Structure formats: C-alpha cells, structure tokens
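Hello,

Here is the structure I said I would pass on. My notes follow below it.

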Amino acid sequence: MSELTYLEAISDALRVALAADERVLLLGEDIGAFGGAFKVTAGLQRDFGPDRVIDTPISEEAIIGGAVGAAIVGMRPICEMQFADFVACAFDQVVNVAGKLHWRIGLAAPIVIRLPCGGGVSGGPFHSGNPEAWFMHAPGLKVFAPSSAPDAKGLLLAAIADPNPVVFLEHKFLYRRVRGEVPAGTYETPQSANTVRDGDDLVVIAYGAMVHAALAAAEAIEEASVRVLDLRTLVPLDERAILDAVHDCAKVVIVDEGNYTCAAGAQVASLIAQYGFADLDGPVVRVATPDAPIPFAPVLERAALPGVQRIRDACRELLAY
Amino acid sequence: MVTTRAIEERGLSLYKQGKVPGSFYDGRGQEATAVGATFALGPDDPVCPLIRDLGAHLVKGTPPTAILAHYLGRAGGVAKGRDGNVHFGDPQRGVVGMVSMLPDMMVVAVGMAWAFKLRGEQRCALSFFGDGATSVGGWHEAMNLAGLHRVPAIFVLEHNGYAYSTPSSQQFAVDPVERAAAYGIAAVTVDGNDVEAVFEVTRQARERALAGEGPTLIAAHTMRMHGHGAHDDASYVPPALFAHWAARDPLTRQRERLATLGVDVDAIDAAVRAEIELATAEALAMAEPVPGDPLAGVFCEGEPPIVGRGAAPWSRFAGT
C-alpha cells in the first residue's frame with residue numbers, strides 16, 4: 001500500500017498487467033519513449049520493450065481495429081486515445097466491430113480503450129470531451145469511470161481481465177490532483193457503485209471528477225445530511241444501489257460532466273422515474289454541462305462545467321422543496 | 001466453386017419464393033477469387049470474407065446446410081437468425097465474419113497478423129475487400145500500418161468494377177495497385193476469374209508473409225455478374241460488359257481445364273447438386289429461432305473464445 005496519484009495508480013495498473021500477463025500489449029500515439037501525452041506510460045516501453053508498448057501512427061481506427069484483431073487471436077491489447085475526443089475517429093471500430101462481436105459471431109474482444117477525458121484544464125472543444133454516453137448507448141461495451149486513485153487502478157485491472165471491450169474514462173483533471181492509498185499488486189475494484197459519503201436527506205449521484213465536486217458541495221451544506229454515490233461503472237449500471245439510495249434519501253441530484261441531453265445521468269433519472277417514483281419526495285434534479293462544446297477560456301469553461309456551486313445550489317433548492 | 005454457385009442459385013430461388021427475408025446477395029462471377037485465395041491458406045490462417053466470398057466459408061469448412069439455414073434465418077443457421085444473407089462467420093473454423101462497414105475487417109486482419117508476427121507464429125491473415133472500399137479512410141490506415149510493421153497479411157482486392165452502382169472510374173484516380181507501392185506493400189494483379197492463377201499468387205503471398213517479407217496486395221480483376229443484391233437489376237452495367245465477362249466465366253473455364261485432364265466434371269456437378277438439394281431440404285426443415293432474452297450474448301462471460309482453425313473435408317489441409 002502506498003499513496004499514489006490517480007495518474008500513478010493507472011500507470012501502476014498497466015505495469016502490473018504487463019508484468020503479469022505476456023498477452024497484454026499497449027497501443028497508442030506517443031506512448032513509448034515519450035511516455036504518452038500525460039506520462040501515464042512513462043518508463044513502460046523501456047521496461048517492457050517496443051513490441052509490448054507500441055507507438056502507433058496517428059490512426060485511431062487502426063489502433064482499435066488492430067486491437068480487436070489481436071484480441072481475437074488471444075492478445076489483451078490496451079489502447080490509448082491521446083484524448084477521449086479522438087475516439088470519434090475510431091467510432092465505427094468501437095461500436096460496429098468490437099461492441100457487436102460477441103453477440104454476432106460468438107468471438108469476444110477483450111480490449112481496453114483508455115480515454116483521457118474531461119474538462120477543467122483549458123483544453124477547449126477538442127480536448128475536454130466526456131463521450132461516455134455514446135458508448136453506453138452502443139450494445140456490448142462496458143464503460144468505467146473511476147473517481148479515486150485506488151478505484152482507477154482496481155477498475156483498470158478489472159477492465160483488462162474482462163472478456164468484453166471496456167471504455168475506460170480516466171479524468172485528466174484528476175490525474176495529479178487526486179491521490180490515495182493504493183494497494184500493491186493485483187486487485188479488482190467491483191463493477192458497482194460506492195457510497196463515498198453517508199447521509200439521508202438527499203443523495204448526489206455522480207461519477208468521475210464530478211464525485212469530487214459533489215463531495216465539496218455536500219460538505220458545504222451543513223444544514224442537511226447529504227449522501228454521495230459514486231457510480232464507478234456506467235455499464236454495468238448499479239441500478240440496485242441507485243434505487244436503494246433514492247429509497248433512503250427521497251431526494252436526488254444527478255451530476256454529469258457530459259452534455260445534458262441523453263447523458264449518463266439521464267439514464268439514471270429515467271431509472272429513478274420508472275422504478276423509484278414512490279420513494280421520491282421532490283423532482284429528480286439534474287446538473288450537467290449545457291449542450292454546447294467546452295470553451296477554452298478558464299472563465300468560460302468554469303461557467304459551462306457543473307462546479308461545486310451549481311451542485312450546492314441545486315441541492316439546497318431541492319432540500320427546500 | 002461449383003458448391004458456391006449451387007448454394008447461391010438455390011438461395012436466390014428461395015428468395016424469389018419469399019422464403020429468404022431481407023434481400024439476397026451473391027458473388028456470381030467472382031467464385032474463383034474467393035475459392036482460389038482461401039484454398040492457398042493453411043488451417044491456422046484466418047480469413048475475413050465479404051459478401052461475394054461464400055467460397056471462402058466453404059473452403060474453411062462451414063457446412064452448406066448451416067449456410068442455407070442462415071439465409072432462411074433459422075435457428076440452425078450460422079448466425080442463429082441474428083444476421084442474414086452473407087453476413088456470417090464461423091470463427092471456430094477460422095472465419096471472422098464481416099460487418100457492413102468497409103473495409104473494417106481489413107483493419108482487424110492487420111491486428112491478427114500483427115499478433116502472429118509479435119508471437120513469432122508461422123501464420124498469416126487474409127482479408128478480402130472491394131474496389132469501393134479503397135476510398136475509405138480505414139483502408140489507408142490498414143495499408144499504412146501493415147506496410148510499416150511488415151505484418152503477415154494478404155489483402156485480396158476483388159476489383160469487380162462496381163461498388164453497388166458506382167464504377168471504379170468514379171471511385172479513384174489512381175489504381176490501388178499503384179497506391180500499394182506508396183505504402184511499401186508489394187502488389188500483384190491477377191485474373192480473378194482463373195482459380196488456379198488466384199491460388200498461385202496467394203500461395204506466393206503467403207510464402208512471403210511467413211518469411212517475414214510483409215503484406216501483399218492481390219488485385220483480382222473480376223466482374224460482379226448480378227446486381228449488388230437481388231433487388232438490383234444492374235441496369236447501369238452496359239450489356240456488352242456483361243457479355244465480355246460471361247465469356248470468361250470462372251466455372252466454365254475451370255471445367256474445360258479439368259475436362260482436358262480427364263476429370264469427370266459432370267459427375268462433380270451432379271454430386272454437388274444432390275448435396276445442395278439435400279442441404280436445402282434440411283435447412284427448410286429447421287426451426288425458426290425462438291425469441292428469448294434479447295440481451296443474451298451481448299456480453300461475453302467467462303474465458304473469451306479465440307479464432308480457431310478450419311479446412312474443408314476436401315481441402316489439402318484436411319486432417320492436419
């Protein structure tokens with residue numbers, strides 16, 4: 001057990017997997033000698049060689065399609081998109097080839113697609129995306145979105161061990177800002193939600209970086225007891241944990257950093273509306289990024305993303321309902 | 001080739017009888033390319049066929065009954081009713097079924113070949129694609145990556161003149177064979193209606209691949225003698241062009257060649273027709289799929305299956 005940043009925890013998971021299983025390969029742009037745009041893969045090519053930590057051409061479709069090909073003959077490729085936004089270039093291979101493969105012909109694509117995602121770093125409209133909902137909507141893909149360092153390592157190891165393609169959203173804002181006690185060696189974080197703050201007047205449901213905004217908002221509300229539920233995985237979605245939290249708290253605020261329409265939180269809201277209606281003591285409230293690209297200027301970006309203040313205000317308004 | 005044509009003729013008649021849902025797609029006129037190329041593969045070499053490549057499935061050993069049942073959408077079909085027409089694959093026999101987006105499986109074939117190279121295995125992967133698919137970005141990415149890493153892949157371009165209704169003259173300014181050189185990929189042009197010629201160039205491409213000399217693009221010139229599907233009367237094809245290629249029918253040519261060697265080709269025809277009539281009756285007797293849990297099979301549970309090995313009972317690799 002040692003204290004690692006979220007980024008170091010992801011790097012550690014990759015190192016552990018490369019050391020434990022010779023079928024594991026890393027594919028991506030600038031991940032070798034350079035160590036990746038964010039240094040997640042720093043030192044891995046040196047230690048495991050250029051045949052296992054492979055610098056690719058700028059070919060997102062070939063990275064993911066090639067990974068599917070390697071996977072169906074027994075490898076365990078882990079693909080890095082340099083930024084989550086660039087997975088759009090490979091969308092077809094993800095949704096039509098990897099996602100439908102098992103249902104269609106009985107093969108499986110045990111690949112991991114690492115997506116450095118999210119805003120808060122002045123990345124602008126092409127380097128700040130949160131594309132998780134695209135992949136929740138496509139059959140056959142798992143979608144993981146850890147918020148903490150131990151979960152980042154444990155969920156990445158779970159993704160590598162999973163026989164299905166996993167879209168792994170690692171939040172850039174958390175890379176060096178979040179740290180935690182991370183167990184050494186191999187372990188898997190369950191593919192289920194986690195209550196990260198207890199409370200029974202209201203529950204905030206979030207994932208990824210928004211868990212931290214939700215926790216800060218909950219701390220700021222001294223007049224009520226606010227629970228925070230970290231979804232951790234969006235597919236599978238822990239429906240039982242969501243409905244149990246609504247049953248206990250009766251009031252719910254759902255936070256997405258993704259754009260509002262058809263976001264992960266919209267699915268959570270739909271679930272609660274259909275199956276948790278009788279437990280509710282107020283409207284299902286959503287806080288999300290408006291349906292616009294993420295702006296560059298810090299002041300504009302802060303205004304677009306759901307920060308602590310908007311979450312806190314939404315909670316207070318609902319508590320007063 | 002005879003089996004390919006017999007199955008497709010039977011499938012087309014079942015379609016016209018209203019027994020095949022959707023549309024029906026065949027590879028009439030292109031049988032020599034699919035059969036000749038796949039016949040040159042070893043049992044451990046996976047193949048990614050397209051909709052004109054029924055022969056590739058047969059050479060790998062997928063039984064005709066399962067194929068006819070697949071057309072009919074029956075539970076005993078290759079895809080158990082989940083997909084139809086020539087969208088299927090029998091991965092346990094080394095056939096990785098296609099998706100409709102082209103040339104996606106060419107990229108997947110590069111990945112398989114890359115893994116073979118990294119593991120030092122004496123295997124190659126073969127992907128078919130059409131002239132239209134060479135306009136897609138994925139074609140460039142696959143060619144570039146394959147050339148860069150010199151992976152043991154064989155790319156068989158079925159240059160059949162038309163992408164649905166669009167002729168090659170409206171598809172590209174530079175022939176794909178010339179473009180292959182720009183990716184560092186060896187390319188060869190072959191008469192796609194001569195099964196022995198296709199076999200020979202593919203055999204050589206496989207030798208190159210296994211010797212570490214990298215991928216080969218084989219441009220097989222052929223002609224799609226039907227429309228894109230049964231709903232397409234191909235009225236955009238000049239009749240003289242059809243007549244030109246009808247005189248070069250791959251089955252007729254091989255039949256003449258074998259007859260001069262003393263092979264009883266009529267007996268082969270009769271045996272195949274009897275086999276396919278029996279297979280058709282078996283397929284028609286098969287049950288419809290039963291709708292159950294629609295989520296069944298979306299996710300894999302347990303150890304992920306991998307691509308297996310395949311060879312037809314009459315293949316030179318049978319029993320190896």
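Please keep in mind that this is a predicted model.

I start with chain B, where 5 strands form an open sheet in the order S1-S2-S3-S7-S6, paired in the parallel sense. Its edges are strand S1 (47-48) and strand S6 (186-191) of chain B; each has a single partner strand, so one side of each is left without a neighbour in the sheet. Within this sheet, S2 (residues 125-130) and S3 (residues 153-159) of chain B are joined in parallel over 6 bridges. Opposite Ser127(B) stands Phe155(B), a residue of S3(B).

Next, a helix pair in chain A. Helix H1 (residues 6-20) packs against helix H7 (residues 149-161) of chain A, with the axes 8 Å apart and an angle of about 30 degrees between them. Angles under 35 degrees count as roughly parallel, and H1(A) is therefore roughly parallel to H7(A). The two helices, H1(A) and H7(A), cross in the right-handed sense. On the H1(A) side the contact is made by Tyr6(A), Ala9(A), Ile10(A), Asp12(A), Ala13(A), Val16(A) and Ala17(A). These meet Ala149(A), Pro150(A), Ala152(A), Lys153(A), Leu156(A), Leu157(A) and Ile160(A) of H7(A). Sorted by class, the contact of H1(A) with H7(A) holds 12 nonpolar and 2 charged residues, and no polar ones.

Domain 1 of chain A puts 25 residues into the contact and domain 2 of chain A puts in 22. On the domain 1 side, the elements giving two or more residues are helix H6 (132-136), strand S6 (142-144), H7 and strand S7 (166-171) of chain A. By class, the residues on that side of domain 1 are 13 nonpolar, 9 polar and 3 charged.

Last, the contact of the two chains. Chain A contributes 31 residues and chain B contributes 35. Which elements of chain A give two or more residues to the side that touches chain B? They are helix H3 (60-72), helix H4 (91-98) and helix H5 (101-105) of chain A. H3(A) gives the most, with 9 residues. The residues on the side of chain A that touches chain B divide into 16 nonpolar, 11 polar and 4 charged.

Regards

Terms used. Residues are numbered from 1 along each chain as its sequence is written. Chains are lettered from A and ligands numbered from 1 in the order in which they are written. This is a predicted model: local features need pLDDT of at least 70, side-chain atom pairs count only at pLDDT 80 or more; totals for chains, interfaces and linings use all residues. Two strands pair if DSSP finds at least two bridges between them. Helices (H or I, at least four residues) and strands (E, at least two) are DSSP runs, numbered from the N terminus. Axes are lines fitted to C-alpha atoms, for helices over the stretch in contact, and angles run from 0 to 180 degrees between N-to-C directions. Angles under 35 degrees count as roughly parallel, over 145 as roughly antiparallel, 65 to 115 as roughly perpendicular and the rest as oblique. A crossing is left-handed if the near helix is turned anticlockwise from the far one by less than a right angle, and right-handed if clockwise. Two residues are in contact if their C-beta atoms, placed from the backbone, lie within 7 Å. Ala, Val, Leu, Ile, Met, Phe, Trp, Tyr, Cys and Pro count as nonpolar, Asp, Glu, Lys and Arg as charged, and the others, Gly among them, as polar.
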